Each structure stands twice: as structure tokens, then as C-alpha cells.
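Welcome! Take a look at the picture first, and then read on.

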Amino acid sequence: EAVIHWFKMDLRTTDNRALWEASQKAQEAGVPLICMYIVSPQDFEAHLTSPPRVDFMIRTLHKLKQDLAALNIPLYVETVAKRKEIPERILEFMEEWGASHLYANIEYEVDELRREASMVKLCADRGAAMVLFHDTCVVPPGALHSGAGKQYAVYSPWYRAWVAHVHANQELLSLFEPPAKNSAAAREKVAALFDCEIPDVPENKQLSEKDAKRFRATWPAGEREAMDRLEKFCDEKIGEYGKKRNFPAEAATSSISVHLAAGTLSARTAVRTARDRNKTKKLDAGVEGIQGWISEVAWRDFYKHVLVHWPYICMNKPFKPEYANIEWSYNSAHFEAWCQGRTGFPIVDAAMRQIQSIGWMHNRCRMIVASFLCKDLLLDWRMGEKFFMEHLIDGDFASNNGGWGFSASVGVDPQPYFRIFNPLLQSEKFDPDGEYIRKWIPELRGVKGKAIHDPYNRGAAAEAKKAEYPKPIVDHRESRDRALKAYKEGIGRD
Ligand code: FAD
């Protein structure tokens with residue numbers, strides 16, 4: 001007597017495929033649509049979900065509940081302490097509410113896929129159906145193959161195939177409307193569920209009051225906010241994206257990653273909205289900024305496709321197995337300095353303070369600090385990957401793992417390990433006036449000119465010392481040689 005949509009990382013009413021399909025089914029059958037969400041503290045723990053991210057999701061649920069209530073649809077939210085009990089609990093709901101159909105969008109991480117596969121069977125055993133949809137990527141994983149019929153491991157040819165596939169299947173960018181309104185009679189049947197309260201953030205993920213205030217001001221939640229951000233970016237900035245996207249002092253990127261990660265925005269809507277600002281329906285033609293931006297959103301699809309094809313990357317293993325034997329330094333003082341933004345390399349420290357402060361870091365800086373951790377400090381990339389997940393508000397397993405794999409040269413990228421970022425050159429090139437550094441390292445604000453990139457070696461040692469800013473913890477040339485040796489030996493080892 002009901003159809004259920006199970007929300008996960010798809011916390012929106014508009015352009016949500018499984019929700020729309022569930023609504024169609026409920027309308028056809030003349031039964032109410034019920035939505036539900038399970039808060040799982042153990043999943044947050046297992047996935048290293050950051051406290052600001054959990055807070056963002058709980059805030060989103062409040063908005064979602066209101067939006068659904070306006071459509072006479074209840075959002076039932078419950079905390080389930082043990083993750084292994086979630087499938088059984090959902091089956092209990094189905095029985096209690098008389099639901100024959102459970103709809104959901106697929107999540108591709110290993111644990112989630114396993115859980116979903118087992119739930120399909122559990123439902124079938126009880127005469128019900130779990131109906132799953134591809135939704136989070138524009139092009140579903142598995143749809144693209146190289147000429148030899150294999151999954152691409154290199155982005156550029158994959159991207160050409162992605163574009164061609166979307167051009168040939170324009171419906172991949174279609175919009176799924178919000179669910180239809182439950183009739184008054186249907187609402188009446190599920191009236192009790194509207195009283196459900198949304199739980200607080202679980203104990204293990206709570207923010208201090210001060211942090212909560214800052215994160216909430218920086219990252220307002222909900223799908224309307226997501227759409228406003230996207231539209232504003234497309235109206236004001238997308239044209240210049242190609243020219244400015246690498247400069248962290250410019251607010252030149254969309255900052256919608258938090259919404260794509262929580263599902264308050266769909267990748268389809270992101271690409272379609274950008275495309276509709278172009279003069280052409282082609283994704284690889286017209287305004288350069290638009291093409292460039294769409295190709296960045298495609299990176300998100302790429303890393304999810306990689307994850308589905310090579311699931312062992314979910315298990316702490318490098319994509320390239322021969323890189324598993326590198327001897328990392330595990331120097332805890334170095335790791336601590338990196339985490340705290342006290343390495344003595346201003347561009348690295350500014351970026352690490354940005355992530356600590358707002359749970360987000362500019363893409364160029366993510367690459368700089370990741371390269372610094374793996375190559376200059378020779379620390380295990382998995383320590384950095386974990387730290388990012390624990391702090392990012394846009395933490396996404398596939399993109400994060402892909403980014404770390406790229407920077408540590410252990411991932412799908414064909415770039416050889418001996419191409420090593422020089423943090424000082426990166427700083428001079430991408431933050432030429434030191435504006436980003438001065439923003440995030442207040443104690444260096446008084447340092448003038450180019451000395452900002454390396455105060456101890458460029459004539460501002462006294463000022464830096466007075467400000468208690470640390471000296472560089474490594475010498476880049478020496479650490480570069482050390483990294484080259486360690487990588488070479490590691491790869492050569494059986
Ligand atoms: P924009 O430049 O406006 O790009 C639009 C969207 O495209 C982004 O929101 C994102 O969804 C996608 N995108 C852009 N660049 C990439 C990329 N390199 N890989 C995958 N998707 C991309 N992104 C995450 O969403 N979550 C993560 O946990 C994450 N971890 C990263 C770790 C490392 C070491 C690196 C190098 C990159 C990581 N990225 C991650 C990718 C990228 O840095 C962010 O997506 C981007 O900075 C988000 O800002 P934006 O929304 O303003 O991006």
C-alpha cells in the first residue's frame with residue numbers, strides 16, 4: 001500500500017531519477033509515496049565522513065523534509081546504530097508500511113554495492129522488489145569501452161568517448177521533475193509519519209559551536225542553494241573559468257563540489273545548465289570556459305567509473321600494484337606539521353589552513369599539498385587521503401582517491417613518478433602576489449613582495465621568526481632526490 005524512496009547521497013527532490021521513478025510507480029498504483037533516510041553513525045565512522053559533512057547532510061535533511069511535506073510526502077528519518085542492521089530495519093519498514101517497492105539510486109563503493117546486492121535478494125525473498133537506478137554519474141559506469149573493449153584507465157581518450165556517448169544519447173542530460181504530489185487521501189494514510197523528527201548529528205561527529213557557526217555560514221545547505229550557486233557561477237564566471245581556475249586567490253571555480261557530494265545537485269543538472277549557456281549543444285565546442293568546466297565535472301564521472309572497474313582501490317591498495325612496495329618515511333612530526341599548516345612552505349601551509357577552516361581547498365592547492373606530502377615528505381599517500389576525508393565537506397571517495405593517486409603517481413594517471421611539483425615554483429606561478437598565502441597565514445601578512453613564497457630564504461627571515469612562522473622542515477632538492485630513490489627502489493622490489 002505504499003512505495004518507498006530510500007535517500008542516500010541524493011538529497012534533492014529535483015532531477016533525482018529513483019525518486020521520480022518511485023513517484024511514477026506510486027501514482028500508477030494509487031498509493032502514497034514515502035521517503036526515508038537512515039542515519040548510520042557506523043557508516044560515517046567507516047567512511048571517515050567529516051563532521052562538517054555530516055552537519056551539512058543533517059541540515060539538508062531539514063530542508064528536504066519541508067520541500068517534501070509541501071508535496072504531501074513524508075520524510076522518515078531514523079538512526080540505526082549498527083550498519084549491518086540497516087537492511088533488516090528497512091525490510092521492517094516495508095512490512096509496517098505495506099510497501100511492495102523500494103526505490104533507490106546506486107552507490108558504487110564496495111560496501112554499498114554489496115549491501116544493495118544483498119538487499120535486492122532480501123526483498124525478492126519476501127515477495128517485494130528493490131528497484132535501483134544509475135543516477136550519480138552523467139554516463140553510467142560500464143557504458144564506455146575502448147576499441148579493445150576494455151575500461152579506459154587514461155582520462156583523455158575516456159573523455160572523448162564520454163562526450164561522444166552523451167552526444168549520441170542526449171536523454172542522459174534530461175531533467176527528472178520533482179515527484180508528483182501525494183493526493184489528500186494518500187497523505188491521510190501516512191499522516192503519522194509526518195511527525196518524525198530529524199535526529200541530531202550523532203555524538204561521534206559533532207562540531208563545536210564555533211565551528212558549526214563558521215561552516216553553516218560558509219556552506220548553506222539544500223538544493224535551492226545548490227542551484228543558486230550553479231546559476232550564479234554560470235552567469236558570472238564560467239566564461240573565464242579556463243583562464244582563472246588555477247589561481248587559488250581568485251574565487252573562479254563553482255564551489256559546487258559539496259552539493260555534488262551530498263547529492264543536493266545532480267551532475268546531469270550541472271552539465272545541462274552549463275551547456276545551455278553555450279551557443280551549441282555540443283559539449284566540446286563553443287565557449288572555452290564552458291567546455292573546460294564540463295570536462296572537469298566529467299573527471300568526477302571518470303573516477304567513479306575507475307572505482308567500479310577496479311574496486312580493489314577501495315581497499316587501501318594503489319591502482320598500480322608495483323607501487324605497493326615503496327618505503328614511506330612515517331615521520332610523525334612531519335605529518336603533524338603538514339596537518340597543522342606549519343611546514344614552513346607558505347603555499348602548503350595556507351592550503352592546509354584553508355581545509356581546516358572551511359572544509360574545502362582549491363584544486364590547485366589539493367595537488368600541491370598532496371604532492372608535498374608524498375614526494376617532499378615521503379609520507380604514505382593514504383595518510384593524506386584519510387586526513388582529507390576527515391576534513392573535507394565535499395569528501396567523495398572516488399574523487400579523493402583519484403586525486404591522491406594522481407599526486408602520489410600510484411593511480412590511473414600515466415604521468416611518471418619523476419615529475420615532482422616544486423612547491424616554490426607552484427607558489428610563484430599560481431599565487432604570484434601571495435594574496436592566497438596572506439589570506440590564510442595572517443602572521444605573514446606583513447611580509448612584502450616575493451619573499452612571501454619563502455620568507456626565510458628570501459630576505460624576510462627576521463619577520464617570519466618574529467611571527468613564529470616555522471622554517472622549512474625539508475629542503476626541496478634533497479627531498480626530491482630522496483623521493484626519486486625511494487620510488488625507484490620500491491617499484492623495482494618484488
Ligand atoms: P570546479 O572547478 O568548479 O569543478 C566543478 C566540479 O567538477 C567539481 O565540483 C567536481 O565535482 C568536479 N571536479 C573538478 N575537478 C575534479 C577532479 N580533479 N577530480 C574529480 N572531480 C573534479 N573532489 C571532490 O569532490 N571530493 C574530494 O574528496 C576530492 N578530493 C581531492 C583530492 C585531491 C588530492 C585532489 C587533487 C583533488 C580532489 N578533488 C575532490 C577534486 C577537486 O579538487 C574538487 O572537486 C574541486 O576543487 C571542487 O571545487 P569546485 O566545485 O569549485 O570545482
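Five strands make up an open sheet in the order β3-β2-β1-β4-β5, with parallel pairing (two strands pair if DSSP finds at least two bridges between them). Because β3 (75-79) and β5 (129-133) each have a single partner strand, they stand at the edges, and one side of each lacks a neighbour in the sheet. From one strand to the next, the twist averages 25°.

This is a predicted model, in which local features need pLDDT of at least 70 and side-chain atom pairs count only at pLDDT 80 or more, while totals for chains, interfaces and linings use all residues. Residues are numbered from 1 along each chain as its sequence is written.

**Around the sheet**
- Five bridges join β2 (residues 33-39) to β3 in the parallel sense.
- V39 has T79 of β3 opposite it.
- Helix α4 (residues 86-97) lies across β1 (2-7), β2 and β4 (99-105), and runs at about 135° to β4.

**Domains**
- The protein chain is divided into domain 1 (1-135), domain 2 (138-174 + 213-309) and domain 3 (321-492), with bounds that come from an automatic or database domain assignment.
- Between the C-alpha centres of domain 1 and domain 2 there are 25 Å.
- In domain 1, 17 residues are in contact with 18 residues of domain 2 (contact means C-beta atoms, placed from the backbone, within 7 Å).

**A look at E468**
- E468 sits in the loop between α21 (461-466) and α22 (476-492).
- E468 and L444 are 24 residues apart in sequence, and their C-alpha atoms are 9.6 Å apart in space.

Note on methods. Helices (H or I, at least four residues) and strands (E, at least two) are DSSP runs, numbered from the N terminus. Axes are lines fitted to C-alpha atoms, for helices over the stretch in contact, and angles run from 0 to 180 degrees between N-to-C directions. Two residues are in contact if their C-beta atoms, placed from the backbone, lie within 7 Å.
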